[in-house]
Amino acid sequence: MQVLFRVAHWVSNGNRKIVKTIRQLAETEENYRVIIREIDRVEAALGRARTLGAEARLTLVEWLVTLEDFGWQCAYCQSKPFQVMIHVVPLPKGGTVPENCLPTCYACVRYRKKEYMQVRVQGYLASRKYENGSTRTHGGVSHIPQFQEDKK
Ligand SMILES: [Zn+2]
């Protein structure tokens, strides 16, 4: 995944639209598809936040840090690959910011209001709040609480 961060930093430096170079930096077609998908995802979320007058400052690098921290799995069940980005506090009350955006699977989007699921992610989100995500280029999973007992 280091390749993805390299591309993400490059994109964050304002080079985002040069598809050919992104493709070269990404090295493989699979990396390229992943990075383009996440660029689009972050930009779509930022656009929606701006439209609604919400805070909009999530960077691609910060989003990749979050994805790495959860192993590209759903932040709630941590057992399925993530499928969508959610805003834990919905827009426009919450913003498109590192401490409010999580990867989830479709099933957990539907059930995330359950309290044990909220508890699962609050510590993580709090830890993102005061950190400068742009200085951290890959995740440590040590601070993610494990809630194996919740698995059904
Ligand atoms: Zn899930």
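Predicted model: local features only at pLDDT ≥ 70, side-chain atom pairs only at ≥ 80, totals over all residues.
I'll start with helix α4, which spans residues 60–69. How many of its 10 residues are buried? Nine are, so to speak, under cover: the helix is mostly covered. The buried residues are L60, V61, E62, W63, L64, V65, T66, L67 and D69. After the helix comes G71, and its phi is positive, near 60°.

Next, the core. The largest nonpolar core has 30 residues. Which residues have the most contacts inside it? They are V7, A8, L60, W63 and L64. Two or more residues each come from α1 (2–15), α2 (19–26), α3 (29–51), α4 and β2. Of these, α4 gives the largest share, six residues. As background, nonpolar side chains in soluble globular proteins tend to be buried together.

Let me stay with L60 for a moment. Leaving out residues up to four places away in sequence, L60 touches A8, V11, S12, E38, I39 and V42. A8 is also among the residues with the most contacts inside the core.

Last, the strands. Strand β1 covers residues 84–87, and four bridges join it to β2. Do the two run parallel or antiparallel? They run antiparallel. Strand β2 itself, residues 101–104, is covered on both faces. C101 and P103 are buried on one side, and L102 and T104 are buried on the other.

Methods
Residues numbered from 1 in each chain as written. Buried ≥ 20, exposed ≤ 12 C-beta atoms within 10 Å, placed from the backbone. Pairing = 2+ DSSP bridges. Core = buried A, V, L, I, M, F, W, Y, C linked by C-beta atoms within 7 Å. Contact = placed C-beta atoms within 7 Å.
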